[in-house]
Amino acid sequence: MEFSTMSTCPRGPYDLTSIAEATRSTQRRIVRTLSVAQIFSGLGNGSTLALGSILAVDLSGSEAWAGSVNTALTLGTAATAIPLSRLALQRGRRVALTTGLAAAVGGTFLMVAAVATELFVLLLAGAFLVGLASAVNLQARFAATDLAEPAHRGRDLSLVLWAITIGAVAGPNMVAPGAVLAGWLDIPPAAGPFLISALGMVVGAAIVALTLHPDPLLTRRGLDGEDLLPVAQRSGAWREGWRIVREHPVARGAVIAVIAAHAVMVAVMSMTPLHMQHHAGHSAGNPDTIALIGLTISLHIAGMYALSPLMGALTDRLGPRTTALAGLLTLLAAVALTGLASQSMGSVTVGLILLGLGWSATTVAGSTLLVASLTPAERIPVQGFSDATMSLAGAVGSAAAGPIMGLTGYSGVSALAAAIVAAAAVALLRQRVRS
């Protein structure tokens, strides 16, 4: 049965039933394909995050550049989210996702070359391209909704998001095996993990290229009979996504919620290890501080991804707007805890767990609400706009958190985060009252 011709065929009750059953079967296969691909492509960022700051200092010769690799990684995601969305409109999800991963593989090889040649500029260029893997991971969650039934959009989106957990956890742990691989290849030890990341992304790209059939976005277009090419021709700029968001209050509220959640999560998370280290220094140097920091960040990441299927189920059952508001309230509770009980490391750890859970609920529900509020022709440019602004917000949050903490302390970062979350919640509540 060819989906591309369905919209032009006479449809009786039997035809509609057959189409629905075929679509559900295709959707299950698409979700499986995207989830497995996410596991492998998620390896890409892990090594970069684990070694980025160390390599930046080594190759630049200054600790002032310690955050430059993570910044380049985030900017790579932000700068390429819209072009990848435009490519998806023109050629389909399969081509867009595969192209993004291929570019990210090139980035990992640039980072290997940077380690071998000790050229700092190559390191930054490589990190920028590796950022495309994150852009692909973000787009994949929307690809899971192209053919999803409205009642199960949250579930399908969250399953693909959950799959990132495996790669995100495994990636940083590739440092030791990577060093062994580097020894076999007679290259610097720090270069080995990036080769493993490259292999993972090659596998992910191959899975998408070979098994993402039929293409979910092109199939959606065939079923709806919509011509997305005029949108594709003008969707390369930020203003197209912003224009659509501005004209749709529900979409605007969803985008504000997702951006606020990401900015707050990144800002507070990035300052927590430094705060915990400072607190340990003021308390006679607790020897368990490093272990506690590692445990806290691990629990935070688990909160972000491990329970995303639960967030998807809540989104489908309670509604995306209600779940997004619950996520924002959870974020508010998290930053209240980190701000008001900042001297208790146990409270900070609980706060970081809540921070991850709030981000998960808001991101899953907000993304689902965004899809539900727009037509298929409007969704793709807005999805690219949302992902790009979300990544930029994370970069700004990370960059601004340091100076703010220097001026006002960790509690000050938490207080500003609370104000941002509260503003986003008000924006979403106002939209709910109007609707």
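Let me start with phenylalanine 385, which is buried, with a relative accessibility of 8%. Before I go on, please keep in mind that this is a predicted model.

So who is the partner of that ring? A search of the whole structure turns up 2 aromatic pairs. In one of them, phenylalanine 385 sits with tryptophan 242 in a tilted arrangement, 6.4 Å centre to centre and with 35° between the planes. Tryptophan 242 is in helix α11 and phenylalanine 385 in helix α17, so the contact ties together parts that are 143 residues apart in sequence. Tryptophan 242 is partly exposed, at 38% relative accessibility.

Now, the other pair. The ring centres of tyrosine 305 and tryptophan 359 are 5.6 Å apart and the planes meet at 75°, which is over 60, so this one is edge-to-face. Here helix α13, with tyrosine 305, is linked to helix α16, with tryptophan 359, across 54 residues. Both tyrosine 305 and tryptophan 359 are buried.

How many cavities of 30 Å³ or more does the structure hold? There are 3.

Helices α3, α5 and α17 each give two or more residues to its lining.

Thanks, everyone!

How values were computed
Residues are numbered from 1 along each chain as its sequence is written. This is a predicted model: local features need pLDDT of at least 70, side-chain atom pairs count only at pLDDT 80 or more; totals for chains, interfaces and linings use all residues. Side-chain values use heavy atoms; hydrogens and water are left out. Rings of Phe, Tyr and Trp (its six-membered ring) pair if their centres lie within 6.5 Å; planes under 30 degrees apart count as stacked, over 60 as edge-to-face and the rest as tilted. Helices (H or I, at least four residues) and strands (E, at least two) are DSSP runs, numbered from the N terminus. Buried means under 20% relative accessible area, exposed over 50%, partly exposed in between (1.4 Å probe, protein chains only). On a 1 Å grid over the protein atoms alone, a cavity is a set of points where a 1.4 Å probe fits but cannot get out, and a pocket is an open set with protein on both sides within 12 Å along at least five of seven lines; lining residues have an atom within 4 Å of a point. Grid points are joined across faces, edges and corners, and a volume is the space filled by probe spheres set on the points.
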